[in-house]
Amino acid sequence: MSYATLPDLMMAKECPELQGLGPIRHFRTSKGRKVAYVASANGRCVVAYRARYERDSDKVLEQAVADYVAVARDLWAKAA
C-alpha cells in the first residue's frame with residue numbers, strides 16, 4: 001500500500017497515483033468533506049488524502065479507510 005497527497009483543486013480521477021487502478025472509493029470526514037480516496041487493482045493499493053486534511057485528525061475516517069483496505073487485501077488473497 002502506498003500513500004499520496006491530492007491537491008485541493010484536483011479531482012481524484014486526475015490523480016496520477018490513482019489512475020489505472022479501477023474504481024476510486026471516497027471517504028468523508030465527520031463534517032461531510034471528501035478527504036480520502038482509495039483505489040486498488042492487481043495487488044496494488046493507493047490511499048490519497050487531500051492536502052488540507054491532517055492525517056489522524058479524524059479517527060472514524062481513518063478506521064473506515066483501514067477497514068476498506070483490509071477487505072481489499074482479503075479479496076486479493078482469495079483471487080491469487
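**Aromatic pairs and the nonpolar core**

Aspartate 56 counts as partly exposed because its relative accessibility is 47%, where partly exposed covers the range between buried, under 20% relative accessible area, and exposed, over 50%, computed with a 1.4 Å probe on protein chains only. This aspartate 56 lies in the loop between β4 and α1, and although it is not a glycine, it has a positive phi of about 70°. Strands (E, at least two residues) and helices (H or I, at least four) are DSSP runs numbered from the N terminus.

The model is a predicted one, in which local features need pLDDT of at least 70 and side-chain atom pairs count only at pLDDT 80 or more, while totals for chains, interfaces and linings use all residues. Residues are numbered from 1 along each chain as its sequence is written, and side-chain values use heavy atoms, with hydrogens and water left out.

The largest nonpolar core is made up of eleven residues, including Phe27, Val35, Cys45, Tyr49, Tyr53 and Leu61; such a core is a set of buried Ala, Val, Leu, Ile, Met, Phe, Trp, Tyr and Cys residues joined through side-chain atoms within 4.5 Å. Two or more residues of this core come from each of β3 (34-41), β4 (44-50) and α1 (59-79). Another core, of ten residues, lies apart from it and has Ala4, Leu21, Val46 and Ala48 among its residues.

Three aromatic pairs are present in the structure, a pair being rings of Phe, Tyr and Trp (its six-membered ring) with centres within 6.5 Å, counted as stacked if the planes are under 30 degrees apart, edge-to-face if over 60 and tilted for the rest. The rings of tyrosine 3 and tyrosine 49 are stacked, because their centres are 6.4 Å apart and their planes stand at 15°. This pair links distant parts of the chain, since tyrosine 3 belongs to strand β1 (residues 2-6) and tyrosine 49 to strand β4, 46 residues apart. Tyrosine 49 is buried at 4% relative accessibility, whereas tyrosine 3 is partly exposed at 46%. Ring pairs also link Tyr3, Tyr49 and Tyr53 into a cluster.

Phenylalanine 27 and tyrosine 68 form an edge-to-face pair, with 5.6 Å from centre to centre and 70° between the planes. Phenylalanine 27 lies in strand β2 (residues 24-28) and tyrosine 68 in helix α1, so the pair ties together parts 41 residues apart in sequence. Phenylalanine 27 is buried at 5% relative accessibility, whereas tyrosine 68 is partly exposed at 29%.
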